[in-house]
Every structure is written in C-alpha cells, then in structure tokens.
Amino acid sequence: MAQAAAVAKPPAPPRRRRASATPRRLPYLLIGPAALLMLGFIAYPVISVFYYSLQEYNPTKPWRNGFAGFDNFVKIFTDDPVFWDTLVFSAKWVFVEVGLQLLFGLALALIVNQTFVGRGIGRALVFSPWAVSGVLTSAIWVLLYNSQTGITRYLADMGIGDYGTSWLSDTSTVFSAAVVADLWRGVPFFAILILADLQSVSKDLYEAAEVDGASRFKQFWHITLPHLKDAIILSTLLRAVWEFNNVDLLYTLTGGGPAGVTTTLPLYIANTSVDAHDFGYASALTTVAFVILLFCSIVYLRLSKFGGENK
C-alpha cells in the first residue's frame, strides 16, 4: 500500500512588496514646478528691491550709480520731510478707510443676512462694486465729481454750493471725496467675508437667548460679535495692507494732489521710481514700507489674539 500521503505544507506567505516612495512624493513632484515658478516670481523682485536699496541707481544719471550702503536709509529718516508727510497721511487713510468700511460692511452683512423678498438681488447689488477695478472706480467717481456735469453741478442747480466747484481740487474736501469713492468699492469686501461667517452661526443660540430674555443688542454683542472675531481681525488686516498699498485709485482720482495732500507712501514711491527714475531711493522706501507693514501686522495679530478661543 502506498505510503500515507504526506502532510501538506502550508503555503508560503506572500512576499511583501517594498513600499515605493514615489506615490508619497508624487504630490510634491506635481506641485514642484508651480512652486518654483511662484518662488521665482516672488523671490526675485524682493531680493532685487533689497539689493537696489543699497545702491545709487538712476538710469538717467549713470555716472552716479554705485554702491551707497545705508545712505538711502539715512536720507529717508533724516533728510526727507516728504517721507514723514506721506507716512502720516497713509496712516490716516488706512485708519479712516478700514474703520468706515468695517462699520458699513458689518451693517450691510447683517441686513442681507435677514430673510426678505428679493434677497438674492439685494446681495448681488451690494457685492457688485467689489468686482470693479480700482482704475474703473476712479473713472466713475471722476465723472461724478466733475464740476461741469457731476454732483456739484446738480447741487448748485438746487442752490447748494457754487457752480464750478471741484471737490477734488479743494484741499478741504479732497480727502472726504476720495474716502467716499474708496468706500463704495471697499465696503462689499467686508460685507462678503462677514456674511459668509454669519451663515455658520447656529440659530439655536439666538433662540436660547430669546428664551432667556436677551435683547437684540445683547444677542449681537454676546453671540454675533464673538463669533465674527477672527473674520473681522483677518479682514481688517488684509484690508489695511491693501489700503496702505493703494495706488491705483488715488493716482487716477487725485494724482496725489492737490499740493500733495493725498500722497500716500506707496504713491510717493511710485512717483520717485517712475517719474524721477531714482530706483535706488525708491527701493529703500519700499524696504522701509515693508518693515513697517510687517511690524504692524505682527503686533496687530498678537494684540488681537487671532485664532484664540473666545472667552
């Protein structure tokens, strides 16, 4: 009789394939070219600005070009009163614009967050100015402020003011006129961000507050505002940086005038580089503006405790 069948050996376990590193690196390989391209577009201009800030560089006066060290920075802080005037006006411009835009944007967001007939159309009308470019916004308001065909002409027809009055040519009215023009475009930015955050507030909180007898103001103060804290901090910081760097609207609307009273620091930098061709000094001014914005942004985020828990 044949020998008893041998006990079958258990099958050998399948070999583990070595995990390939390629799938894990694939996302980085895919975004690598775009990241390098963005780094080149960002890093090269920044490095160039820092380099030229230490140079005396004016293409119209090549015999004076060369290494200047910190002479440009010394001139900024000790021998350039225009720098201090434009810096003060820039701070005033940012404070007034961001404050008013936040106030009106918050009010608009609260209004369009309510339920009413035609809310979709109302939201579209409120948000539409944000889609208009700064130059086109300036063109619209230049026409509105035109002394022959604009607002002042119709006010004069009603006996308010004189014919030929130009708000953009009067040092006592040009700031207010420019503020109103930029408000028209900037308010929707705050309204959009705040409205988006309002959508996430639970209605149960308001219902519970009503049961407890909380008034509308107390609901706004203790529920709505704490919930909007991070959105308000982020939006004000972004808008403050944009308003500080605002060149297109003021350049088109007033050109920095009259008598330079609406010249911001970035507009002064643009005039120094484009009109005076003094790229070395303009680069030094840009470096100073960058440091000022960086310092103020860090201090603002620290003081506001952005991202922290609401107490």
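This is a predicted model: local features need pLDDT of at least 70, side-chain atom pairs count only at pLDDT 80 or more; totals for chains, interfaces and linings use all residues.
Residues are numbered from 1 along each chain as its sequence is written. Local features need pLDDT of at least 70, side-chain atom pairs count only at pLDDT 80 or more, and totals for chains, interfaces and linings use all residues, while side-chain values use heavy atoms, with hydrogens and water left out.

**Helix pair**

Two packed helices are described by the angle between their axes and the distance between the axes. Helix H3 spans residues 81-112 and helix H11 spans residues 265-275. Helices here are DSSP runs (H or I, at least four residues), and strands are E runs of at least two, numbered from the N terminus. The axes of H3 and H11 come within 8 Å and cross at roughly 140 degrees. Axes are lines fitted to C-alpha atoms, for helices over the stretch in contact, and angles run from 0 to 180 degrees between N-to-C directions. H3 and H11 are therefore oblique to each other (under 35 degrees is roughly parallel, over 145 roughly antiparallel, 65 to 115 roughly perpendicular, the rest oblique).

H3 contributes Val-82, Phe-83, Thr-86, Leu-87 and Ser-90 to the contact, and H11 contributes Leu-265, Pro-266 and Tyr-268. Contact means heavy atoms within 4.5 Å. By class, six of these residues are nonpolar, two are polar and none is charged (nonpolar: Ala, Val, Leu, Ile, Met, Phe, Trp, Tyr, Cys and Pro; charged: Asp, Glu, Lys and Arg; polar: the others, Gly among them).

**Annotated segments**

An unreviewed UniProt entry gives the feature "transmembrane region" at several stretches, including residues 26-54 and 249-269. UniProt positions follow the numbering used here, feature names are shortened, and annotations may be inferred rather than shown by experiment.

**Loops and tail**

Most residues other than glycine have a negative phi, and most peptide bonds are trans. The bond from Gly-257 to Pro-258 is cis, with omega near -5 degrees. Pro-258 sits in the loop between helix H10 (248-253) and H11. Ala-259 lies in the loop between H10 and H11. Its phi is positive, about 60 degrees, although Ala-259 is not a glycine. Ala-259 is exposed, at 76% relative accessible area (buried is under 20%, exposed over 50%, partly exposed in between; 1.4 Å probe, protein chains only).

His-277 also has a positive phi of about 60 degrees. His-277 is in the loop between H11 and helix H12 (279-304). At 31% relative accessible area, His-277 is partly exposed.

Lys-305 follows in the segment after H12. Lys-305 is exposed, at 57% relative accessibility. Lys-305 and Ile-233 are 72 residues apart in sequence, with 9.1 Å between their C-alpha atoms.
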